[in-house]
Each structure stands twice: as structure tokens, then as C-alpha cells.
Amino acid sequence: MKSTKFTPYTKLSKTETDRKWWEIGDFFRRNSLWLLMYCTGCCAIELPPAMTSAYDMERLGMGPMATPRQADILLVSGYLSLKTLRRLVYTYEQMSEPKYVVALGSCPINGGIYHDSFAVINQLNQYIPVDVYVAGCMPNTEAVMNGFVDLIGLIKSKKANGWKEYHKNNDWFKENQITALGKVVIDDEFHQ
Amino acid sequence: MDDSYYYLLVIGGSAMIVNVLLGVAIALFAFVLQTGVGGINRKIVGRLQKRHGPRWYQEYIDIFKLLSKRSVSHGWIFDFGVIMALGGIIGTAMFMPLTSSIVAFENYDNFFIFVYLLAVGMLGMAMSASGSGNPWASIGVMRALTTMLAYEVPFMIVVLTIVNLSGTSSISGIQLFQQAAGNNWYLIALPLGGIVGFIALMGMLGKKPFETYIAPAEIASGPMVEYGGKQLGMLFILHEISVFIEVSLFVHLFLGGATSILEFVVKYFAVYTLANLISNVNGRFKIDQVVKFYYKWPLLMAVTQAIVAIYLGWVI
């Protein structure tokens, strides 16, 4: 009779191995989130208390970074005019994957107090995928910190998949961006 | 061929392998030590600013996270430069004696070897950063090289004084000279030189009055501006190991080296923490201020120290 003392060793399939490595990577990624702060709106005023001694986001391993390439989170704080949206899309596409987007305030959700402005977009997730919204006009600093903790939870449960969606539905996002911004034909020596 | 010759070859080869393994172990120790000390220092800085601060192992998490991310390339010079810089720095760290007796390559721990090999890492990084084509990176590299030009002159004068007094330029030889009975640490024997050495160390580490070439808010972290993901992770490892080399040079040259690893770690931690604390209560110089500063007081003090120590023979 065959012994049942030891469970037999089964070789993991490739997807199974990839999943395990991805989970290990997720542990590091969710404990070290670096922010790129896109501070165009008034919600940016909630970030200094979140960074400094009042709430101290470095406890969670988070911190500000200087350039999009180094950052993990794109933090959109407040309303986005059409001019800044174009720069936001450039910035988002420069970030290295996996990347996450956190949007502060009610303006990226439905336009907020600028809902009828001709120059301001109403829903941010039509142009780039948003992982976490922090509602409020403006949100309290506790709410901002809670949003970051939510993002950490989403990464842990593998639901922060905005950057995958951007690949999958890229045509739809691009179409929305072009509808809002119009096409730009750059005619200089670098783009020939 | 004679048998004994063959055995000699085998013994020589295996001894060489042991040396290389010891060197790799020292480089690995450098990474682990400096990353841990750096993390503890982030905690200390947090307490300095009345914050709780990150976990002490946060630096390890940061580096492994960066290595787990995807990254873009800006051409093969960009990729190759990072690897060349990392290799150069690891190669330099392999020559560094930990204590006066733990030396990977006996008789090759000369001070000038470090001066030459450190340049491989720095130039690799300069090449790679310039290869990204970002103007901030070029400005950062230019500032880094200018800062290097500024702090090396007073530092070299002090180190050459030390070499003159010790009669050897080997790092472990200088350690043994300071540990010998009747001799003081060079920090005490040459007080002005010790101060100059520490100011130069602040410049080497890129600590804050001399942080001009990183300057995150001004030139978007300078040479690192286009790095993300794996390349940035390698750059962080490079940075940790080069900090180890610079701080342990100071420990060995001025603080009498170490007789045991524990003593080395304690001295290392003290020097790095002091530099970090000074850094965190200072603003940032402009690049011309850095050069003017180094060519004024440290240079004057270094020359005074050299004349006093060598020509007048006043050594405590």
C-alpha cells in the first residue's frame, strides 16, 4: 500500500509559478508606493499634512518622487482642464508598470463644482483608468490616507488592475482622449 | 611538466577563488549593511521631524519593488551604462578591507585603487544618464562632476598627508599604523584634516548642503531622472554600495579602522548617522557655492594641516 504520510511533489504549471512570483512582487509593491503628485487642483492642500508629522504617509512606505518614471501612483488632485489632461495622459504613459491612479476630490468623479465648465473634463476614468477615488470637496486628510490604505488592500486582493485595462481597452481610451483633446500634429525635427 | 608545478597551479587557483569569494561576500555585506543602516537612518530622520518614520527594512522593500517592476529602455547605452556602473562599484567594494585583517586581495587595498575604480562607476552612470537624452540628466551629471572636482582637491591633500605620515598608501597598512601603540586616530592626530575629510565625505555622499546634483525639487533628481523600474533598482544598489565604500574609507583613514567587524559596524553607523543628521538640518547650496565653499575653507585647512604635519611635524 502506498504511504499517505507525504504528499507527492507535483511540479507547478507555468501560470501557477507566475502567479506565485507575482504575489511576492505584490508584497513589495504594496509596501513601497511612490507618488507622483499631479497637483493642479485645490485638493493638493491636503497632501502636506498627509506627508508630514500629522499623518506621516512614510509609515506605509509611501513617499513623493520627482519624475513619472520612478513613481508607482499617479495622484490626481482635483479638477483637470483640457490642457492639463493632455499632460496627464503623457505622464501616465511614461510611468513604469504596474502603475496605479488615485484621484482626489469630486472633480475627477463627476466634474464637481466645475461640472458645466467648457474647459474642464467631468469623468477622469474615461481618459485614463482610475483605481481609487477619494470623494469629497475637498476630502479630509483622514479620507486621503484611507484612500491609500484602500489601494494597498486592492493591490493585495489583485483588484488594482487599471493599468491592465488601459492595455485591453486602449482603443476606447484613445478615442475618448482624441474626442476631448483633438489630434495634435507635431512637426519638428524630433518627430519626423 | 613537473608534478609540483601542477600542484602549485591548483593551490594558487583555489586561493584565488577563495579571494574572489571573499570579495563577493564583502560586496554583499556592503549592500546588506548599508541598506539596513540607511533604513534605520530614515527612521531616525522621521523621529527628527516628529514623525513615526518608515519600517527599518523599508529600503530593502523599495529596492526589491523596483526590481520587480517593468521598465523602458532608452537605447543600449542607457542599459549598458547602468550595468557597467554597478559592476564597477561591486568591483571596487571587493577590494575594500572590512577590518585590518579581513582583506579580500592582500596588498591590493591601496587607496589609489579606490580612486581609480570609483571613477568606473561614476563614469558608467554619467554615460548612461547622458544616454537617456534628458536635459535634466545632463545638468545633473555636469553638476556631479563639478562637485567631484570641488571636494577631491582638499580630500586628496589630506589623504596624501596621511599617506606621508603612515609611510604606506595601503588602507589596511594605514589602519595598522593608527592601531599601533603610541599613535592616535588621524581624526585626533590631524584635527583640521579630520574636519576636511568629513566635509569631503558629505560631498561624496551627496548629503544636503552639497546635494546640488540630485536636487529633486529643482532638476527632478538629476542623473536619475529617466530611470524607472529595474534600472532604478540597480542604481539604488549601486548607490548603497558606493556609500559603503565612501563611509568605510573615512572610517579606515580617520577613525583608526577596525579590529573586529562589530567595531567596524559601530563606527560606520556613527559616521553615516552624523552625516545624515547634519544633512537634515541644512539647505542646499547652488553649484557655484559648492565649488567656492570647497576651494575656500576646506582647501585652506587642508593645506595648513599638510604644512603643519609634514614640515613642522606637529602631530598629536
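A residue is called buried here if 20 or more other C-beta atoms lie within 10 Å of its own. By that criterion, 38% of the 192 residues of chain A count as buried. Please keep in mind throughout that this is a predicted model.

Let me begin with chain A. Its C-alpha trace spans about 80 × 50 × 30 Å along the principal axes. The secondary structure comprises seven helices and five strands, and from the N terminus the elements follow the order α-β-α-β-β-α-β-α-β-α-α-α. As for contacts in chain A between residues at least 6 apart in sequence, 81% of them join residues at least 24 apart.

How are the five strands arranged? They form an open sheet with parallel pairing, in the order S2-S1-S3-S4-S5. Strand S2 (63–64) and strand S5 (132–134) of chain A each have a single partner strand and stand at the edges, so one side of each lacks a neighbour in the sheet. Helix H5 of chain A, residues 141–156, packs on this sheet, where it touches strand S4 (100–104) and S5 of chain A. The direction of this helix makes about 165 degrees with that of S5(A). Elsewhere in the sheet, strand S1 (residues 34–38) and strand S3 (residues 73–77) of chain A run parallel and are joined by four bridges. Within that pairing, Met37(A) has Leu75(A) in S3(A) as its bridge partner.

I turn to the contact between the chains. Chain A contributes 17 residues and chain B contributes 26 residues. On the side of chain A that touches chain B, three residues are nonpolar, eight polar and six charged.

Which residues of H4(B) are buried? They are Phe111(B), Gly121(B), Gly124(B), Met125(B), Ala126(B), Ser128(B), Ala129(B) and Gly131(B). The cover over the buried residues of H4(B) includes helices H3 (76–95), H5 (135–166), H6 (171–179) and H10 (230–254) of chain B. Just after H4(B), Gly133(B) adopts a positive phi of about 80 degrees.

Finally, consider H5(B) together with helix H12 of chain B, residues 287–311. Their axes come within 9 Å and cross at roughly 5 degrees. Angles under 35 degrees count as roughly parallel, and H5(B) and H12(B) are therefore roughly parallel to each other. The residues of their contact divide into 19 nonpolar, five polar and one charged.

Definitions and conventions: Residues are numbered from 1 along each chain as its sequence is written. Chains are lettered from A and ligands numbered from 1 in the order in which they are written. This is a predicted model: local features need pLDDT of at least 70, side-chain atom pairs count only at pLDDT 80 or more; totals for chains, interfaces and linings use all residues. Two strands pair if DSSP finds at least two bridges between them. Helices (H or I, at least four residues) and strands (E, at least two) are DSSP runs, numbered from the N terminus. Two residues are in contact if their C-beta atoms, placed from the backbone, lie within 7 Å. Axes are lines fitted to C-alpha atoms, for helices over the stretch in contact, and angles run from 0 to 180 degrees between N-to-C directions. Ala, Val, Leu, Ile, Met, Phe, Trp, Tyr, Cys and Pro count as nonpolar, Asp, Glu, Lys and Arg as charged, and the others, Gly among them, as polar. A residue is buried if 20 or more other C-beta atoms lie within 10 Å of its own, exposed if 12 or fewer, and partly exposed in between; C-beta atoms are placed from the backbone. Angles under 35 degrees count as roughly parallel, over 145 as roughly antiparallel, 65 to 115 as roughly perpendicular and the rest as oblique.
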